[in-house]
Amino acid sequence: MTERRKILIVGGGPAGLAAALSLTDPDLHPTWRDEYEVTLLQLGWRVGGKGATGRRGRAVPDGAGGWRLEGDARIQEHGIHLFGNMYTNAMRMLDGCLQELPPGPDGRVETIDQVLVPSNHLTLADMLERRWELTSQTMPHNDLDPWGPENVPDPATLVGEIIREVLSILEEAFGPGAGEGLRSPGGHHLHLAALSEILEREELDPREPHAGHHRGALDLLEAARLHLRGHVEDAAGTSRAARIRSAWCQVELYVTVLRGVIADGVFERGLATVDHEDYLDWLRRHGMAEAAVTSSATQVPAQICFQVPHGDASLAPTMATSSFLWFVLRQLLSCGQGSYWFTRGTGDTVIAPFYRVARERGVDVRFFRRVTELVFDEATGRIERVEVDVQATTIGDAPYDPLVTVPDGTLAWPASPISAQLVQGEELEAGGIDLESWWTPWAPVAHETLVADVDYDCIISALPLPSLAELAPTLVAAAPWAPAVEAMPGVMTMAAQIWTTVTTHELGLPRLPGTDRTIGTAAVQPLGLADMSDVLAGEAWPERGGPRGLIYLCGPMAHRGPWPAPDVHGTPDLLAERARATFVQWLRSACSVLPAAGTNAFTGGAFDPDLLWCPPDAGAEGEARVDLQYWRANADPNERYVPSPPGSGVLRPQAWASGASNLALASDWISTGMDIGSFEGAVMSGHLAAHALTGAPALDAIVGYDFARPHQAHEEGITTIETTAVTVPGDDRVTTG
């Protein structure tokens, strides 16, 4: 038997895990064990990247060779994480992993519809007459499963989906077509009847958006938009003003998007043709009213994707039109509910199944490996060495076992390394050392130099762009995609979580039907919020006297100029203090979004600190109760969010165009078609990197890769990095290897 090819994956975030799972997929590669071996290098004690989760508590032996967690098992996230309906690739991978997993320690077998909770609600926040007004939006949805085989976005259904969404918005605002509520505002029943009739025709004969074929639909949508705008003016000063205005802004968005997509020939010419244009300018160019341009309905994609220069939320957002349209159009054209929330932490719900399946298949995951450099040789055109610091070693050189069982039986990631497994465990614990920090004072205990053709044959870099810029300077200097480093600087973010003594409904959040949850835009800048109270059931609080509500916060943090060098060890503490100050300031203004939280007569519109849950024996009063909540600054290179400014899409390289012949690229900063920082983009990139090395999965099996990118639809035969020369059909690039 010939020697197996050695594939090295650098980075264990969603991109690296997706690459590992694609390479070892038994359906795609039934004989992969005979052909190659896969090794993954991971910083610190857990995988997951920005989706990593920590559980507070102490790991102790469980008596059966594993570990259990003692304590409250409080979930600590890096931000607000959930899946949108367009996260098809991520949900399909999760579904496959859950089906493949053996039962957990308690014999439990979970299915994807048990671990994901559907929700269609979005809270919009708009300034109206000098005060914030909160309204709800029902996101586009249908009864199909997004992880099912039928979920392929079809532009031919777009016009019908937009009509359906406009009908839904009008009915939410005024009532059903046969109701008096529609007749009294003056003729909405006529608009609904006409739109319903043309929707029936669209369903019988769906076609891609076209000015000639869809002239009737465009005229009716335009009439409904103008009619609704008249009611905005009529409702001014009344209790219905905010709701009517919000409905009008939503309709403005969908009608303008359809009008612009048709006028610019987006499906014929491709999203790249509008990549250079800022999405707000594009919306204005296609006739959107300024009040709608600045509305929450229009800002949602930019806000949840941190699309503000330098992370400064006081500045207007900026985002490539191509990325904005991908988000809006795929939300309309995908299957399932508007969003899917995790029953527990991201790391527990998604990352642990990914990791467990990869390990069961035979992927060698090496923890406590801090890559310090990918050494590129311009003369050979290869990554010749990978320099790696070993952060810690296990007792007896045993494989590190990273998961613990929490009281409800879930396998989860602890918030710190399991020190009892490590030679250096006591020292790490006593020093409070954060092995994930770029600025850690901890010195490596060993060093490894991995050499091309000896330790690896090819590499997948699953490093985020800010990390790759730091760790592969010689590659970046020579790479054709080098301008992307300056064009897409990482944005620092922060996250916070508050546990409350009352329910979130008692704080002023609405009671929603079914499994809908509240997620809101940043009325109190710079942090958006999400009601995560359901997750309390996965933590280990006392039956009585524990917290009754849980809210997650997340948003950008401003930063300009160079970052401190790695030897400036006090940087994390300074940034954590900034995050705390932002968190406290948010609490002081929280009544804008939590109107019933200001129960303290002496603190005005601020969140009453007595409503923050603390252990009964803590004795904390006032603002000191904040210190018993949770917050973090996401400032490390691998934690910074990569934005999508105008013109950045064309700078993103393909997975197989790294500039090094033995290197494939992953991570959500490369060209995936989605081109938005996201869990889905990361998973897509992992599939693409695996494709670059093996030819599988096929490009047309990666849902959304060729969406509104007609030139990509004919890419095939992009085989392996090891091929001498690979010409991409339909493209003038040649990949050399």
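## Helix packing and strand pairing in a predicted model

The axes of helix H5 (residues 158–174) and helix H8 (residues 215–235) come within 11 Å and cross at roughly 25°. An angle under 35 degrees counts as roughly parallel, so H5 is roughly parallel to H8. The crossing of H5 past H8 is left-handed. On the H5 side, the contact is made by Val159, Ile162, Ile163, Val166, Leu170 and Phe174. On the H8 side, Ala217, Leu221, Ala224, Leu228 and His231 take part. These values, like those that follow, are computed from a predicted model.

H8 also packs against helix H9 (residues 241–263), with axes that come within 9 Å and cross at roughly 155°. That angle makes H8 roughly antiparallel to H9. H8 passes H9 in a left-handed crossing. The H8 residues in this contact include Leu218, Glu222, Arg225 and Val232. Among their counterparts in H9 are Ile244, Trp248, Val251, Val255 and Ile262. Leu221, Leu228 and His231 of H8 belong to the contact with H5, and Leu221, Leu228 and His231 are also listed in the contact with H9.

| Helix pair | Axes come within | Crossing angle |
|---|---|---|
| H5 and H8 | 11 Å | roughly 25° |
| H8 and H9 | 9 Å | roughly 155° |

Helix H14 (residues 321–333) has 13 residues and reaches 18 Å from its first C-alpha to its last, close to the expected 18 Å. Is H14 mostly covered or mostly uncovered? It is mostly covered, as 13 of its 13 residues are buried.

The strands come next. Strands of a sheet pair through backbone hydrogen bonds, either parallel or antiparallel. An open sheet of three strands has the order E13-E14-E17, and its pairing is antiparallel. Strand E13 (369–377) and strand E17 (446–451) stand at the edges with a single partner strand each, so one side of each has no neighbour in the sheet. On average, neighbouring strands here are turned by 20° against each other, direction ignored. E13 is joined to strand E14 (residues 382–390) by eight bridges. Within this pairing, Val375 has Arg385 of E14 as its bridge partner.

Strand E22 (residues 549–556) is largely enclosed by the rest of the structure, because eight of its eight residues are buried. Which strands are joined to E22 by bridges? Strand E19 (residues 493–500) runs antiparallel to E22 and is joined to it by eight bridges. In that pairing, Ala495 stands opposite Cys554. Strand E21 (residues 528–531) is also antiparallel to E22, with four bridges between them. There, Asp531 has Ile551 of E22 as its bridge partner.

A buried residue can also lie in a loop. Trp656 is found between strand E23 (630–634) and strand E24 (663–665). Its relative accessible area is 3%, so Trp656 is buried. Trp656 and Leu688 are 32 residues apart in sequence, and their C-alpha atoms are 8.1 Å apart in space.

Note on methods: Residues numbered from 1 in each chain as written. Predicted model: local features only at pLDDT ≥ 70, side-chain atom pairs only at ≥ 80, totals over all residues. Heavy atoms only, no water. Helix = DSSP H or I, 4+ residues; strand = E, 2+ residues; numbered from the N terminus. Expected span 1.5 Å × (residues − 1). Buried < 20%, exposed > 50% of the residue type's maximum accessible area, 1.4 Å probe, protein only. Pairing = 2+ DSSP bridges. Axes fitted to C-alpha atoms, helices over the stretch in contact; angles between N-to-C directions. Parallel < 35°, antiparallel > 145°, perpendicular 65-115°, else oblique. Left-handed = near helix turned anticlockwise from the far one by under 90°. Contact = heavy atoms within 4.5 Å.
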